[in-house]
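Work through the exercises below with the model open beside you. Try each task before you read its solution.

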2 protein chains.
Amino acid sequence: VAVIGASADPLKIGGRPLQYLRLYGYRGRVVPVNPNRQEVQALQCVPHLSLEDPMDLAIVAAPAAAAGEAVSDCLRAGCKAIILFSAGFAELDDAGRQAQQHLARAASDAGIALLGPNCLGIINAHTRLAATFTTALENSQLPVGAFSYMGQSGALGAYWIEKAVSAGLGISKWITTGNEAQVSLADALWYLAEDSHTRLIGAYVEDLKQPESFLEAAQVALRAGKTILAIKSGRSEGGRRAVAAHTGADAGSDAYYQSLLDESGITRVASLTEMIDTARLLLSRTPPRHVQRLAVVTVSGGAGALICDAAHDAGLSVPDLPAEVTRELDALLPKFVLRRNPIDVTGAIVSNTPMLGEVLVTLARSDAFDSIVLFLGLMGSIQEGLISAVTRAQKVGKPLILIWMGATPESRHAIEALGIPVFTEIPSTLSILAKATSSRARPICAK
Amino acid sequence: VAVIGASADPLKIGGRPLQYLRLYGYRGRVVPVNPNRQEVQALQCVPHLSLEDPMDLAIVAAPAAAAGEAVSDCLRAGCKAIILFSAGFAELDDAGRQAQQHLARAASDAGIALLGPNCLGIINAHTRLAATFTTALENSQLPVGAFSYMGQSGALGAYWIEKAVSAGLGISKWITTGNEAQVSLADALWYLAEDSHTRLIGAYVEDLKQPESFLEAAQVALRAGKTILAIKSGRSEGGRRAVAAHTGADAGSDAYYQSLLDESGITRVASLTEMIDTARLLLSRTPPRHVQRLAVVTVSGGAGALICDAAHDAGLSVPDLPAEVTRELDALLPKFVLRRNPIDVTGAIVSNTPMLGEVLVTLARSDAFDSIVLFLGLMGSIQEGLISAVTRAQKVGKPLILIWMGATPESRHAIEALGIPVFTEIPSTLSILAKATSSRARPICAK
């Protein structure tokens, strides 16, 4: 990997990739390109790229005015791929748009992949290739996993890293496409669709420059059992203008994009928070695969009512308890607990916490329900009993969606160590549950 | 305050109020009623209530079967008010409903206020009257403030306490009405409307037993400049059944309740999280009073586009920059930053953080904007500069809504110490901003 515009300052745009590639343990050779220095960040420089020492990847961290020449140098020296960080192209003015088109043509004529300009680069967590200047890697751990990001925005990609890592999710690939002079989101999706490490794809979409290719790639991904979650911006007139100012893209009509996402089997999410929460559910130990019929257990009648309302909004059902389940529950529940779904076990579980485990196991074993939604609130004093009740229920193998308002950090960590995500609010969790299972349920038509 | 069914165990329902009243510093006399003991929790018992020593308030923590006699004792002994914790009334069966009606009639005939049954009691943070058994007070601080809760659900009230205190909000009054045999949410709202300490009311509503009285009280509250935020449950068929099982209430038609809330000038919120976040905004140092025209400043073009979309969804506008503002910005912004609203100041503020403060002050001084929305992401390395930029802008006095994704805990605390809430997600914050200002903008019709 060559870095053109390599800086001795590890906080500068041309310094960060050098820092990150070593910090995160990239094993390949890293070569700063600088005619005026022997060394940059303790790495030996070359004065310029040459055909005798061809690079797999060149990162160009030069200002826009110098980017053209740098790309020409890369092409002449036989680089296989180029990442162009430089801003000041199509997003700025017409001259920038023309310069960008010129670079793309040159790269394409040479058969070379060009990512950017105006992008934050890529990360491959498996090979530790942190070819980016995102500040998100300043303090991160870059855990390896099955979740990948692709998007025009590098900043949103940075927040995605921060949120994914904070949520305990592992990362596979991270691709920011910026202005997309050549490599587009469709290309990124083809790569992720075929990447064996990626199981879940989070996308931030401003526009799609190759919608048909994108659609095909999405179908390959879905056939491979992958889920794609997408944020699409530029839905409003103001948003469209902001998109144009950002990456020079035309966000187009939202109705068009919605139908395209629908056709692709892609699940649209409203925010990064929703994307990450959906990922927490889908990457949990027993992810919900098909959710229509919920058994709901709560410690609060009010919460039970709110869960029913939220389930209704999300298109999920809370059916009556079958007679045989009611019979089994009769042996477990106190008299004053109504045998109704949602089951409000009340504060009675404070004095008899194992009862909660029995109730959950009974419901998990019933064919009448696809998933169990458990609502807990506070109850720090009996947290150990609650955790063992959840552990017992988990063993049955049925998806368990846990909403625990006011859980202590210890409870939360203990439960998440079991591979069960802890959620803290009702409407958003039911909405996520419906979204997490919607694209999987969709039949994918062959082209 | 007398506690009937007082328990020596501070974790039991009859033990918690005794514990809390002392723990939180209630200054009045607290009297356990127990014929079999001299002392309970180091407080001197009386064997029974008597007319010679009349109580202002009696808390009845007895089982349903014993509740009738306890209430009769209270009435005979001239108590002025009764809180009935006991469950097992209208929410359980018809016999329970009749027993409940009987108690209510007896209290009303005696001119005595009866709260409950099936409730968690009340808290007055100012007088430290913690007349409740909610587990939320186990580890809380009960800070004094202007935010009050009223609702049929005590459990949701408990989560409300936990969330409000975690968010740094102070509490005024907390009223759980349970089955509402006599005292209803309308009565609670009359009290809060006239309570000089309460500026903001959060309500959880399953049904309204005195809708006209509620409507009148809401108008008194709004005329006094108070805002009411309400969660209404039982919107769906399943939710209605769950409400009936919870407090024996009939949640009625949602269209009816929506029009009633609209007529009352009450802002409906979807969740406790939304209620608390709206409260954080309304109780901040410079709360938005009238928000239509937003100046948006971001460090990410993608975030700018998402903010425009979310503003559009929320009915807020992001107008063009006036010519004089553009002129002033010309002196501040680098060339490659487009002079457009939203203003994407880009990573340029990393090397020139004071510029952000100048930009914010320029926008805050312009009459073209009602509020400023500032989006920051990560940037822990320049957090001090960001905080001083925000501090400078705040001094102009215009509402500043800050969305900071991936802020460090230190940044967050420093900003919140200025009285500016830090939000972390785009769509929910814009939605809250619109909701926070909607009821204030509504003209309140005199009856």
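Predicted model: local features only at pLDDT ≥ 70, side-chain atom pairs only at ≥ 80, totals over all residues.

Residues are numbered from 1 along each chain as its sequence is written, chains are lettered from A and ligands numbered from 1 in the order in which they are written, and side-chain values use heavy atoms, with hydrogens and water left out.

**Exercise 1.** Describe the contact between chain A and chain B.

Solution. 
- Step 1: count the residues in contact (heavy atoms within 4.5 Å). Chain A gives 59 residues and chain B gives 60 residues.
- Step 2: take the buried area (accessible area, 1.4 Å probe, that two parts lose on being put together, summed over both). The two chains bury about 4,000 Å² between them, with 62% of it on carbon and sulfur atoms. In chain A, the residues losing the most area to chain B are Y159(A), D309(A) and L378(A), together 15% of what that side buries.
- Step 3: look for salt bridges (a side-chain nitrogen of Lys or Arg within 4 Å of a carboxyl oxygen of Asp or Glu). There are four between chain A and chain B. One of them joins R241(B) to D320(A), with the closest N and O atoms 3.1 Å apart.

**Exercise 2.** Where is S7(A) found, and is S7(A) buried or exposed?

Solution. 
- Step 1: find the elements (DSSP runs numbered from the N terminus: helices, H or I, at least four residues; strands, E, at least two). S7(A) sits in the loop between β1 (2–4) and α1 (16–23) of chain A.
- Step 2: apply the cut-offs for relative accessible area (buried under 20%, exposed over 50%, partly exposed in between; 1.4 Å probe, protein chains only). S7(A) has 15%, so S7(A) is buried.
- Step 3: list contacts, leaving aside neighbours within four places in sequence. The partners of S7(A) include K12(A), L18(A) and V40(A).

**Exercise 3.** Which side chains make a polar contact with the side chain of R268(B)?

Solution. 
- Step 1: R268(B) lies in strand β14 (residues 267–268) of chain B. Its relative accessibility is 15%, so R268(B) counts as buried.
- Step 2: use the rule for a polar contact (N or O atoms within 3.5 Å; within protein, one must be able to donate a hydrogen and the other to accept it, and residues adjacent in sequence count only if both atoms are side-chain atoms). The side chain of R268(B) meets that of D254(B) at 2.9 Å. The side chain of Q258(B) is a partner at 2.6 Å.
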